[in-house]
Every structure is written in C-alpha cells, then in structure tokens.
Amino acid sequence: MKTVEETGTVTETAYDPNGRGEGPGELKTEVSRTVGDGRLTETTTVAPGTDAETSASRVTDLATGAVLEAAGPGRRAVSRTEYDRQGRPAVHTVLPDSGKPQTTRIAYPSPAVTVTATPGGRRITETLDALGRPLRTADNYRDGAYAKEPDADGARVLSEADYSQCAHYKVTTTDQAGRKIVASTDP
C-alpha cells in the first residue's frame with residue numbers, strides 16, 4: 001500500500017491482512033520517502049506500532065546520488081559523509097555508541113592517486129594507471145607501527161600490478177608477502 005501525504009511524504013507498506021510481512025515470519029515494514037532541499041530522506045520502520053519497532057534512515061543528495069548521512073534506531077546518526085567539489089568522498093565519520101567519532105579523511109593529490117587516512121593513523125595510498133586500473137597500494141606501516149611522517153607513505157607495499165604483458169592477456173600482481181600472481185585470460 002502506498003500513501004502520499006500533503007507534505008509530499010510517500011509511505012509504502014508491505015504486509016498481509018494479518019499485519020505480517022509478505023513472506024512467512026516477516027514483520028510489517030513501512031518505508032517513507034521525503035524530498036526537500038535537494039535531498040531524499042528514506043526511513044524504513046520494521047514492526048511499526050509494536051514493542052519491537054525499529055527504524056533506520058538515510059539522507060541522499062538527489063543531484064549526485066551520494067549518501068550524506070545514515071541513522072540507526074532512535075534516529076541517532078551513525079555515519080556522515082562529506083564530498084569534495086568533484087563529488088568524491090572526502091570525509092567519512094562513523095558515530096559509534098561510545099560518542100567518540102571515528103573520522104576517515106580521503107585526499108586526491110593527483111588524478112591517479114588517492115590517500116586514505118584512518119582514525120588509527122594508517123594512511124593508504126592507491127595509485128591507478130592512465131586507464132584507471134590499480135597499479136599500487138601501499139601504506140605507512142614501518143618499524144612495527146604506522147609512521148606519522150609524510151615520507152613514510154608507501155613504506156609497505158600491499159599490492160602492485162604489472163600490465164606490461166596485457167597485450168598477451170596476462171596481468172601480474174604482487175601481494176604484500178611478495179608473492180607474484182599471474183592472471184591470464186583467453187583472447
């Protein structure tokens with residue numbers, strides 16, 4: 001059943017005549033969608049009106065399709081994402097129950113390089129070739145810990161790829177243990 005309120009909120013409800021969901025043992029579920037200020041807010045409520053009621057919501061930017069915020073039970077925000085001018089994720093914050101936000105920052109120093117800095121001090125550098133294929137992934141792990149110095153980026157190689165034999169349908173990748181894997185495909 002679909003209901004449209006005067007405010008533009010659309011609520012979809014899927015349940016059988018006995019108030020259960022469409023499948024065996026499923027609970028009634030309601031999904032409401034509200035559009036405003038260029039954003040879509042979707043809220044899913046399971047078992048509405050019962051002691052087991054729980055809901056979660058997501059706010060999406062309609063222009064880019066990017067998820068801006070997610071909220072869990074009690075409408076408490078559980079994550080937020082900020083985007084740069086090119087529409088790429090730049091800051092992702094997880095808001096755990098402890099109340100201590102965990103923020104991951106993503107930088108794009110060049111079109112082919114992405115650097116992700118995690119809350120624990122790890123910096124992962126991913127490099128792509130001109131065709132957008134992964135070339136190298138490395139982090140700043142050195143001497144038993146994540147180094148704080150910027151020159152430590154790339155200290156430990158997690159993976160590398162060699163596409164020089166791509167014309168022969170072979171791609172060689174190297175994992176962080178130094179093992180080379182050759183993948184070949186038929187033409």
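Tutor: Start with the rule. A salt bridge here is a side-chain nitrogen of Lys or Arg within 4 Å of a carboxyl oxygen of Asp or Glu. By this rule the count is ten salt bridges. Keep in mind that the model is predicted.

Take R58 and E42 to begin with. Their side chains meet in a salt bridge, with N and O 2.7 Å apart. R58 lies in strand 5, residues 54–61, and E42 lies in strand 4, residues 39–46, so the pair ties together parts that are 16 residues apart in sequence. Now ask how accessible each partner is. R58 is partly exposed, at 40% relative accessible area. E42 has 15% relative accessibility. Buried means under 20%, so E42 counts as buried.

R33 joins E42 and R58 in a network of salt bridges.

E160 is partly exposed, with a relative accessible area of 34%. R136 is partly exposed too, at 31%.

Now look at E30 and K28. They form a salt bridge whose closest N and O atoms are 4.0 Å apart. What is the relative accessible area of E30? The value is 25%, and E30 is partly exposed. For K28 the value is 22%, and K28 is also partly exposed. Buried would need a value under 20%.

For another kind of link, turn to T81. T81 lies in strand 7, which covers residues 77–83. T81 is buried, with a relative accessible area of 13%. Its side chain makes a polar contact with the side chain of H92, at 2.8 Å. Which residues touch T81, leaving aside its neighbours within four places in sequence? They are V67, L68, P89, V91 and H92.

Find R58 and E42, the pair that links strand 5 and strand 4. Finish at T81 in strand 7.

Notes
Residues are numbered from 1 along each chain as its sequence is written. This is a predicted model: local features need pLDDT of at least 70, side-chain atom pairs count only at pLDDT 80 or more; totals for chains, interfaces and linings use all residues. Side-chain values use heavy atoms; hydrogens and water are left out. Buried means under 20% relative accessible area, exposed over 50%, partly exposed in between (1.4 Å probe, protein chains only). Helices (H or I, at least four residues) and strands (E, at least two) are DSSP runs, numbered from the N terminus. A polar contact is a pair of N or O atoms within 3.5 Å; within protein, one must be able to donate a hydrogen and the other to accept it, and residues adjacent in sequence count only if both atoms are side-chain atoms. Contact means heavy atoms within 4.5 Å.
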